[in-house]
Amino acid sequence: MAASARTVTARAAQLLRTCTPKASSFTAPVARRNLTAFAPRRPAPKAQQAPKNSRFASTPSAGGSKTGLYASLIAVAGLGGGAYYLHSTGQLTEYFPFLSGLHSGSSEKKAVVKGADYKPTFEDYQEVYNEIAELLESNSDYDDGSYGPVLLRLAWHASGTYDKETKTGGSNGATMRFAPESDHGANAGLKVARDLLEPLKQKHPWISYSDLWILGGVCAIQEMQGPIIPYRPGRSDRDVAACTPDGRLPDASKNASHLRSIFGRMGFDDREIVALSGGHALGRCHTDRSGFTGPWTFSPTVLTNDFFKLLLEEKWQWKKWNGPKQYEDKTTKSLMMLPTDMDLVKDKEFRKHVERYAKDESVFFNEFRDVIVKLFELGVPFKQEERWTFKRTTD
């Protein structure tokens, strides 16, 4: 049946072409005039009125009137049936190219190509946020069933290299894409997070790696029941020449003075150092990354103030094992604390903030929100003043 339709269509097309001007002058307006040859004409002005018994304006000879009528009817039927076939198979404009111009007024919207030069809106970033959220629990076998903690660690380590004196480092650049920065000991294991976000970068080329990584951290905090984190885009990606030297991130085996040195270089005070440390409520350590092992809390995929409460309320002892020095809880021996964590309660200036956060989770959330925004924006030459807040996918 399809073959016969194509044959009839070809015949009809041939007939139509014999009635039209040469291809060089065959425009859409001309095509429309030629197509009306198959439809009844409007009456001509009286001065040029066609004979009463004539079907068309130009009267055929008496001997050929019936033959012409039958030929016209066959052509119309063939063209109609063939055109329906071609339209249903998407080949109509292949036979009649001029018809493609007849749809210029179509109400169908063309898809917007969002390339690297596209100017994104808030809705575009919310879409990427939602797609990151879908990835968080996409692999139940990874750690505690969520990629949230490792995405937050990626955002934190990308930002924590900032130096306020030299104005180098920070989240503006995403230089962890390159060695040697990707090979720094503190960044071990973060390839997991970078690889997780790579398909989204390919899908949305208009977003920089720098903005994508920070958006991943924002999404992780919010989706793990933390506070709403204001965000603004404007980070750009830089090349390997902008990689920072090793040693700019904290060494967990050190003490309070080390924390003040590392965080002071970025511009943080004691209160902000303790607030940022509250991020240890999430995730766990791995022997193949930091060398340490275990989670800090019993709910490593939910942000709470438990990190501070456990520091004060639990009894801690040195873990007996062949790894680096770390603490374990005496009760279950399943939780851990790092030497720098324990110095938060040993140092009297740090301790007073630990006590405030342990007492009131809302105080911790509010101050953590402010300091994490500060961390994520260090050294970024933003053009946009307004910060956005994204809706959680669980709301």
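Biologist: What share of the protein chain is buried?

Modeller: Of the 395 residues in the protein chain, 44% are buried. This is a predicted model, in which local features need pLDDT of at least 70 and side-chain atom pairs count only at pLDDT 80 or more, while totals for chains, interfaces and linings use all residues. Residues are numbered from 1 along each chain as its sequence is written, and side-chain values use heavy atoms, with hydrogens and water left out.

Biologist: How many helices and strands are there?

Modeller: The protein chain has 14 helices and five strands. Both are DSSP runs numbered from the N terminus: helices are H or I with at least four residues, strands are E with at least two.

Biologist: Which strands form the open sheet?

Modeller: Three strands do, in the order E3-E4-E5, with antiparallel pairing. Strands E3 (316-318) and E5 (336-337) are the edges, each pairing on one side only. Two strands pair if DSSP finds at least two bridges between them.

Biologist: How many bridges join E4 to E5?

Modeller: Two bridges join E5 to strand E4, residues 327-329. Tyr327 stands opposite Met337 of E5.

Biologist: Turning to helix H10, how many of its residues are buried?

Modeller: Six of the eight residues in H10 (270-277) are buried, so the helix is mostly covered by the cut-off given above. The buried ones are Glu272, Ile273, Val274, Ala275, Leu276 and Ser277.

Biologist: And what covers them?

Modeller: The cover includes helices H9 (256-266), H11 (306-313), H12 (339-346), H13 (348-359) and H14 (361-377). Contact here means heavy atoms within 4.5 Å.

Biologist: What does Asp269 reach at the start of H10?

Modeller: A side-chain oxygen of Asp269 comes to within 3.2 Å of the backbone nitrogen of Arg271.

Biologist: Which residues does His184 touch?

Modeller: Leaving aside residues up to four places away in sequence, His184 touches Thr244, Pro245 and Asp246.

Key:
Buried < 20%, exposed > 50% of the residue type's maximum accessible area, 1.4 Å probe, protein only. Polar contact = N/O pair within 3.5 Å; in protein donor to acceptor, adjacent residues only side chain to side chain.
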